[in-house]
Amino acid sequence: MIDELGRLHQVIDWQRAVLRSLRIVLAPDTHMAPLKDMRAKTFGVESFIIKDTDEWLHEQQEVIASSLQASTQLIPLINELTEIAKDDHNRAIFVFTVVTVIFLPLGFLAAYLSMSDGPFGDNWNETQSLFWQIAAPLTVGIGSFCLAMAWQESQVQNARGWVSKRIERWRAQYLPFTYKTRREALKENDSMEDADDD
């Protein structure tokens, strides 16, 4: 929108320049003697029309300039509103994910225990108590784990880095072939054997 308003402002500048040039061309002073008198008769009306049109274009240019300024000031506000909308969208997705995580183990256990040849058959009291004994802790555990992952993503990334460093150290110590070429490992082995022979 800002580009279009800028172009309109420029077009009006061009139109006003054309009107100024037209006024100069139509002025009686720019014509030779035989046409000067005839131009002087009509120049008053033409000059009035040109002046009126120029004033109208100037007003339009001011409106466009104020719209351009307002549009420029709205850009940060629009960006902020877009970020707010994204945050709201992310929150909605997060709520949907939490609901899904909570009901996933419940749905799985309900489907498993409701099978016709399930573990307890038709004994509903035993099945229901077993369902809640398994489902409640499982749901709380999975939900807590997912919430912890969502809220503490940076701590999880730090923990991943710590674990990967430990794994790298272990590999370097106990799996030398993954970090050294076979030739280097054989040289080390030969040097150890030579040291043992001495």
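Start by selecting Asp52, Glu55, Glu59 and Glu62, which form a negative surface patch. A patch takes residues with over 30% relative accessible area and no salt bridge, and like charges are joined within 9 Å. A salt bridge would be a side-chain nitrogen of Lys or Arg within 4 Å of a carboxyl oxygen of Asp or Glu. Asp and Glu count as negative, and the place of a charge is CG of Asp or CD of Glu.

This is a predicted model, in which local features need pLDDT of at least 70 and side-chain atom pairs count only at pLDDT 80 or more, while totals for chains, interfaces and linings use all residues. Residues are numbered from 1 along each chain as its sequence is written, and side-chain values use heavy atoms, with hydrogens and water left out.

Next, keep Glu59 and show helix 2 (residues 33–113), where Glu59 is found. Helices are DSSP runs of H or I with at least four residues, and strands are runs of E with at least two. Glu59 is partly exposed, at a relative accessible area of 47%; that class lies between buried (under 20%) and exposed (over 50%), using a 1.4 Å probe and protein chains only.

Move to Thr139 in helix 3 (residues 124–151). Thr139 is buried, with a relative accessible area of 11%.

Finally, show the whole protein. There are 6 helices and 0 strands, and buried residues make up 15% of the 198 residues.

Methods
Patch = residues over 30% accessible without salt bridge, like charges linked within 9 Å, V, L, I, M, F, W, Y side chains within 5 Å. Areas by Shrake-Rupley, 256 points an atom, 1.4 Å probe, with all protein chains shown as cover.
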